[in-house]
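Morning, everyone. I'll take the pocket and then the salt bridges.

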Amino acid sequence: EQEVRDFLLKHKPELVIDTIALTSSVACEKDPALCKLLNYQTAKNILEVCKLINATMVFFSSTYIYDGKKGNYNEEDVPVPLNEYGKMKVLAENELLKYPNSIIIRVDIMYGFNGKNEKNGVFGGSILSGNKVELRTPDQLRQPLFVDDVPKAIMFLIEKKQSGIFHVAGKDKVRMIDFLKNLESIVRTESKILEDMDKNVVPPVKAPFNATFNTSKMEKLGFKFTSFEGGLKILEQQYKNS
């Protein structure tokens, strides 16, 4: 906390983008203390300094703040988190909402490419690894978000002098299995995705079935999201040219 405080007080940035998180919901269930530290406390620490230097703070939240019973959630829908990850994101959101110079960007699952040797992310970590992918919720509905849209969305909101909560997600609602298999088709023809998991096994974490977003707030401001088909074409070209 002190190092973050000293750094921000020294440089006094106008904009602080907080991307710190423990993003694995399974890891959050196994270690709630670490989940709270990385998904809530660090955001609160950064926020306190942003208040001192009057900096705009951008915080990333998630579809997992909802229980997924209805889908098409808008920014006004009350969060009902099912797991530790979602609960800590909600706590952090509540802190930021007290500060007028804050932007909360709720995102769905992201995909993109940053090099064949980078093992992070869904494409780089799961698909390019060549390992089998065990999928417990193949029919879960998601809105895959092309990662290149994220920095564009941040700058768009800054330039529009916006604050508050914004839903940022892909244009298309797809099943998790279809999302992963479309990514996989870029690199192989024989699938390594396992969807026939034992239905009697209790999943390690409760996940929302349909926590898809209504993104009309962003669209009414003039932001254009990349379609899943369009994102896949860009990703495939990036992969081939790497």
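Here is a quick tour of this model.

The model is predicted: local features need pLDDT of at least 70, side-chain atom pairs count only at pLDDT 80 or more, and totals for chains, interfaces and linings use all residues. Numbering starts from 1 along each chain as its sequence is written, and side-chain values use heavy atoms, with hydrogens and water left out.

The largest pocket holds about 1,600 Å³ of space. A pocket here is an open set of points on a 1 Å grid over the protein atoms alone, where a 1.4 Å probe fits, with protein on both sides within 12 Å along at least five of seven lines. Lining residues have an atom within 4 Å of a point. There are 48 of them in the largest pocket, and Thr-23, Ser-24, Ile-109, Val-122 and Arg-142 lie nearest its centre. By class, that lining has 25 nonpolar, 16 polar and seven charged residues.

Now salt bridges: a side-chain nitrogen of Lys or Arg within 4 Å of a carboxyl oxygen of Asp or Glu. The count is 11. Arg-175 pairs with Asp-178, closest N and O atoms 3.0 Å apart. Asp-139 joins Arg-175 and Asp-178 in a network of salt bridges.

Glu-95 and Lys-98 also pair, at 3.8 Å, N to O. Glu-95 is buried at 13%. Lys-98 is exposed at 59%.

Conventions:
Grid points are joined across faces, edges and corners, and a volume is the space filled by probe spheres set on the points. Ala, Val, Leu, Ile, Met, Phe, Trp, Tyr, Cys and Pro count as nonpolar, Asp, Glu, Lys and Arg as charged, and the others, Gly among them, as polar. Buried means under 20% relative accessible area, exposed over 50%, partly exposed in between (1.4 Å probe, protein chains only).
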